[in-house]
Amino acid sequence: MKKIIFAFLALGVAAFAAGALEGEVEKQPLNISAIIMFLVFVSGTLGITYWAAKRTKTAKDFYTAGGGITGLQNGLAIAGDYMSAASFLGISGLVYAAGYDGLIYSIGFLVGWPVILFLVSERLRNLGKYTFADVAAYRLKQGPIRTLAAFGSIATVILYLIAQMVGSGKLIQLLFGLPYSWAVVLVGALMVLYVTFGGMLATTWVQIIKAVLLLSGATFMALAVMLQFGFSPEALFAKAVEVHANGEAIMAPGGLVSDPVSAISLGIALMFGTAGLPHILMRFFTVADAKEARKSVFFATGFIGYFYILTFIIGFGAIVMVLNHPEYLDLAKQAIEGGSPILGGNNMAAIHLSHAVGGNFFLGFISAVAFATILAVVSGLTLAGASAISHDLYASVFMKGKIDEQREMKVSKIATLLLGIIAIILGIAFEKQNIAFMVGLAFAIAASANFPVLFLSMFWKKLTTRGAVIGGSLGLLTAVVLVVLGPIVWGQIINGDAAAAIFPYKYPALFSVTVAFIGIWFFSVTDKSDDAKKEIEAFDAQDVRSQTGIGAEGAVSH
Amino acid sequence: MKQEIVKQIQENPKYQELVSKRSKFAWTLSIAMLVIYYAFILVIAFDPSLLGTKMGDGVMTIGIPIGVLIIVFAFVLTGIYVRRANGEFDELSREIKESVKG
């Protein structure tokens with residue numbers, strides 16, 4: 001693989017130096033329009049960061065953009081967090097490789113949203129301040145609950161970061177012919193800049209702008225595909241079935257979710273996981289009140305749903321217009337392994353399709369947008385991870401709340417830098433994994449540790465600190481252990497063979513979520529301490545605030 | 001929040017109306033979404049070929065419109081909830097807040 005990368009690099013440099021593209025060089029030309037668009041994005045987003053930095057003075061500004069984001073803006077930002085490189089490249093790549101299975105993923109990612117709206121979003125807004133741990137620890141003991149929530153957040157954030165880093169590496173590898181590791185380092189450095197200087201305000205606006213660009217680009221691609229087939233889905237699918245190696249199997253659920261346990265477990269991970277992702281939950285604190293929080297979810301669900309329908313069309317479009325087209329084939333790989341592998345792997349299907357429908361200029365645009373996507377999502381993730389470290393662990397647990405805001409922000413910035421370094425190292429270590437599966441793992445942990453504690457803290461009066469800590473830890477531990485023993489880590493990474501796994505399922509959520517809920521229930525109802533009594537008594541006041549918003553955090557006007 | 005105020009709000013009939021109406025509405029919609037989604041997942045788990053049933057003479061299977069409809073359904077449900085919550089429920093919340101101030 002290294003040889004191929006260096007070959008690309010050499011070709012890229014040669015093309016740049018010669019200015020004329022001929023022979024083999026045409027396979028991987030240096031795309032000047034793409035590079036210019038990259039640079040425009042980067043300088044634009046740095047400009048936003050500069051603007052945001054001047055408006056980010058207090059901790060509230062840093063963590064929640066002062067609470068002044070509108071419902072529509074926040075909806076776009078949430079959708080932007082969702083329309084990550086993993087969703088865009090991973091799901092369209094999954095549709096390209098397996099057809100219908102990609103749609104199962106999309107639906108799972110989406111249907112958590114309505115449930116979050118109905119049950120969680122308003123309460124979250126009414127109770128919280130900066131992180132979801134503010135809500136979970138509202139009437140429970142700060143120390144243990146925040147420690148648990150911070151570990152759940154950091155684990156989720158790091159797994160999600162890996163997926164994004166892998167996406168960025170592949171993308172720049174394909175577009176520039178640069179070594180994978182260079183891209184990962186570049187993304188890591190830029191995200192640290194955005195977050196440390198611009199805080200949530202910069203992170204949100206980078207996300208909004210990217211969401212608009214990505215939705216526009218994906219719409220254009222889907223329209224271009226449909227136009228080829230006279231807007232007849234039947235014609236598109238018929239052609240795809242004809243050229244795909246799996247034939248008609250791509251029109252029905254297939255190999256991805258092969259057994260009942262996997263299917264149900266994946267469903268639970270996606271649905272509950274959405275309600276436990278720290279970088280998404282954090283967005284509910286950036287709006288002024290419960291009304292805006294609701295509107296956020298309405299817009300977000302609409303944009304995300306629309307986007308997933310587009311990725312489905314894009315995936316099928318890639319089957320027809322990229323598969324078996326020699327210009328997108330990885331000839332070196334084909335010579336060794338046979339079949340028809342495409343350059344950069346299946347996750348690059350959407351990128352190749354952009355070239356097929358819009359030439360080099362549009363390839364440049366989509367690549368630039370995909371790059372912006374990664375930057376925007378990793379920034380949000382890093383901010384959430386850094387908040388867990390500075391606001392939950394350092395300020396609340398370590399300093400017991402006796403800390404001034406400026407110092408807390410400083411810790412947050414150091415944490416951001418640390419996360420950036422960790423993301424770079426892990427991004428390089430996980431180069432060869434399918435990035436959609438990576439996000440699945442992050443979801444399992446969010447669903448098993450963060451969600452049960454958060455949900456029960458708002459809905460179940462009898463929840464106590466002991467129950468939440470033991471049950472939540474059991475959920476987190478079960479999820480992590482089963483992921484480590486599962487087919488990807490124990491199987492493919494350690495033993496080089498998925499079948500060598502000790503735990504046979506890729507998605508542990510069915511088991512780990514059950515363990516968490518049972519653990520929380522059991523260790524709460526058996527908790528007869530005085531503290532437990534006080535915590536149960538404090539539920540009424542919490543419930544009234546969560547239902548009405550009386551006493552909730554307001555917005556700061558700028 | 002002081003315990004007396006909590007009690008006062010909890011005894012307010014408007015508060016009781018808000019809580020019962022909203023929780024009934026929210027759970028009904030949530031269960032509707034869950035039932036549809038898990039029905040879909042269970043079909044995939046136990047009888048995946050059902051979604052591969054052909055619709056006509058071509059290659060189109062019923063799985064595809066069903067998948068797209070679930071996405072549309074999710075969006076419509078959020079719209080229904082937001083419409084009622086931003087009107088009726090917020091109005092009740094506002095009245096409760098005013099009664100506390102007064």
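Rings of Phe, Tyr and Trp, the last taken by its six-membered ring, pair if their centres lie within 6.5 Å. In this predicted model, one aromatic cluster is formed by A:Y82, A:F88, A:Y105, A:F109, A:W113, A:Y160, A:F307, A:Y308 and A:F443. Over all chains, the whole structure holds 33 aromatic pairs and 21 salt bridges. One of the salt bridges runs between B:K54 and A:E248 and joins two chains.

**Aromatic rings**

- Among the aromatic pairs is that of A:F62 and A:Y63, which is edge-to-face, with 5.6 Å from centre to centre and 70° between the planes.
- The angle of 70° falls in the edge-to-face class because planes over 60 degrees apart are counted there.
- A:F62 is buried, at 0% relative accessibility, and A:Y63 is buried at 0% as well.

**Charges over rings**

- In chain A, the charged end of A:R123 sits over the ring of A:F459, at 4.2 Å from the ring centre.
- In chain B, the ring of B:F25 has the charged end of B:R84 over it, 4.5 Å from the centre.

**Salt bridge between the chains**

- Side chains of opposite charge can pair when their charged atoms come close.
- The closest N and O atoms of B:K54 and A:E248 are 3.0 Å apart in their salt bridge.
- B:K54 lies in the loop between α3 (48-51) and α4 (63-101) of chain B, and A:E248 lies in the loop between α10 (233-243) and α11 (260-274) of chain A, so the pair joins two chains.
- B:K54 is partly exposed, with a relative accessible area of 35%, and A:E248 is partly exposed at 44%.

**Salt bridges within a chain**

- B:K14 and B:E95 form a salt bridge in which the closest N and O atoms are 3.0 Å apart.
- B:K14 is partly exposed, at 34% relative accessible area, and B:E95 is partly exposed at 27%.
- In chain A, A:D530 forms a salt bridge with A:K533, with 4.0 Å between the closest N and O atoms.
- A:D530 and A:K533 are 3 residues apart in helix α21 (residues 530-537) of chain A, and therefore about one helical turn separates them.
- A:D530 is exposed, with a relative accessible area of 54%, whereas A:K533 counts as partly exposed at 48%.
- The two fall in separate classes because exposed means over 50% relative accessible area.

**Salt-bridge network**

- A network of salt bridges links A:E122, A:K291, A:R294, B:R22 and B:D90.

**Nonpolar surface patch**

- B:W27, B:I31, B:V35 and B:I36 make a nonpolar surface patch of about 340 Å².
- B:W27 is in helix α2 (residues 13-46) of chain B.

**Contacts between parts of chain A**

- The side chains of A:T464 and A:D527 are joined by a polar contact of 3.0 Å.
- A:T464 is placed in the loop between α17 (435-459) and α18 (465-485) of chain A, and at 0% relative accessibility A:T464 is buried.
- A:V212 and A:G80 lie 132 residues apart in sequence, with 8.5 Å between their C-alpha atoms.
- A:V212 is in helix α9 (residues 180-228) of chain A and is partly exposed, with a relative accessible area of 40%.

**Positive phi values**

- Most residues other than glycine have a negative phi.
- A:A65 is not a glycine, yet its phi is positive, at about 55°.
- A:A65 lies in the loop between α3 (59-64) and α4 (71-82) of chain A and is buried, at 8% relative accessible area.
- A:K400, also a residue other than glycine, has a positive phi near 55°.
- A:K400 lies in the loop between α15 (349-398) and α16 (405-429) of chain A and is exposed, with a relative accessible area of 61%.

Methods:
Residues are numbered from 1 along each chain as its sequence is written. Chains are lettered from A and ligands numbered from 1 in the order in which they are written. This is a predicted model: local features need pLDDT of at least 70, side-chain atom pairs count only at pLDDT 80 or more; totals for chains, interfaces and linings use all residues. Side-chain values use heavy atoms; hydrogens and water are left out. Patches are made of residues with over 30% relative accessible area and no salt bridge: like charges are joined within 9 Å, nonpolar side chains (Val, Leu, Ile, Met, Phe, Trp, Tyr) within 5 Å. Accessible areas come from the Shrake-Rupley method with a 1.4 Å probe; for residues, only the protein chains shown count as cover. A salt bridge is a side-chain nitrogen of Lys or Arg within 4 Å of a carboxyl oxygen of Asp or Glu. Helices (H or I, at least four residues) and strands (E, at least two) are DSSP runs, numbered from the N terminus. Rings of Phe, Tyr and Trp (its six-membered ring) pair if their centres lie within 6.5 Å; planes under 30 degrees apart count as stacked, over 60 as edge-to-face and the rest as tilted. Buried means under 20% relative accessible area, exposed over 50%, partly exposed in between (1.4 Å probe, protein chains only). A charge sits over a ring if NZ of Lys or CZ of Arg is within 6 Å of the ring centre and within 35 degrees of the ring normal. A polar contact is a pair of N or O atoms within 3.5 Å; within protein, one must be able to donate a hydrogen and the other to accept it, and residues adjacent in sequence count only if both atoms are side-chain atoms.
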